[in-house]
Every structure is written in structure tokens, then in C-alpha cells.
Amino acid sequence: GDGRIVARHLESAGKDVRVVDAKAGETELGEPEVIVDALFGTGFSGVPRPDAADLIERINGNGARVLAIDLPSGIDASTGEVADRRPATV
């Protein structure tokens with residue numbers, strides 16, 4: 001929900017917005033200036049499902065500025081670790 005609220009506000013400010021939803025198979029990022037990462041929130045733990053993990057990799061490799069809601073997707077909010085259990089660098 002948070003990411004969709006951000007998208008709605010950006011659209012109302014005249015920005016070109018694309019909502020990408022890993023669950024729906026919408027994974028084409030295009031060539032954004034900024035990515036708002038709102039895949040997971042503070043309740044995330046464990047390993048992301050394959051479709052979400054693929055999207056996280058493409059977000060991180062895109063080269064665009066990334067703004068995360070709550071925390072970057074794939075980081076366990078309780079431990080600060082990423083899915084492969086290395087400490088996250090934020």
C-alpha cells in the first residue's frame with residue numbers, strides 16, 4: 001500500500017509513474033530516474049520468493065536512485081541481514 005500511495009502523489013504532481021508488482025508478473029522497470037522500493041515492509045524475514053528476488057536484483061542493478069519505504073527489500077528488519085545471511089550495508 002505505501003508504494004501505491006507514493007505513486008498516486010507523484011502522479012498528482014505531474015510525474016510519469018510506473019507501478020511494478022512482482023506478484024502480478026509486472027517486472028519491467030523501464031529507464032527510471034528514481035525507483036521507490038516498497039516491495040516489503042518491516043515485517044519481512046527469510047528469503048524473498050523467486051519473482052521478488054529477481055525484481056530486487058534488477059532494482060539494485062538498474063543504476064537509478066533507489067528510495068526505500070521502511071527499508072530496502074530483502075533485508076530482515078529484525079536482524080539487518082540480507083537473504084543469504086550476510087550483514088546488510090545500508
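Residues are numbered from 1 along each chain as its sequence is written. In this predicted model, local features need pLDDT of at least 70 and side-chain atom pairs count only at pLDDT 80 or more, while totals for chains, interfaces and linings use all residues.

**View 1. Asp37 in strand E1.** Asp37 belongs to strand E1, residues 34-37 (strands are DSSP runs of at least two residues, helices of at least four, numbered from the N terminus). Asp37 is buried (under 20% relative accessible area with a 1.4 Å probe, protein chains only). Asp37 has no salt bridge (a side-chain nitrogen of Lys or Arg within 4 Å of a carboxyl oxygen of Asp or Glu), and the nearest side chain of opposite charge, Arg49, is 11 Å away. Leaving out residues up to four places away in sequence, Asp37 touches Val66, Leu67, Ala68, Ile69, Pro72 and Ser73 (heavy atoms within 4.5 Å).

**View 2. The largest pocket.** The volume is about 1000 Å³ (the space filled by probe spheres set on the grid points). A pocket is an open set of points on a 1 Å grid, where a 1.4 Å probe fits, with protein on both sides within 12 Å along at least five of seven lines; lining residues have an atom within 4 Å of a point. Among the 32 lining residues, Val17, Arg18, Val19, Val20 and Val36 are closest to the centre of the largest pocket. Helix H1 (2-12), E1 and helix H2 (50-61) each give two or more residues to this lining; H1 gives the most, six.

**View 3. The second largest pocket.** This pocket holds about 280 Å³ of space. Of its 16 lining residues, Ile56, Asn60, Ser73, Gly74 and Ile75 lie nearest the centre. H2 gives the most to the lining, with five residues.

How values were computed
Heavy atoms only, no water. Buried < 20%, exposed > 50% of the residue type's maximum accessible area, 1.4 Å probe, protein only. Lys, Arg positive; Asp, Glu negative; His and termini not counted.
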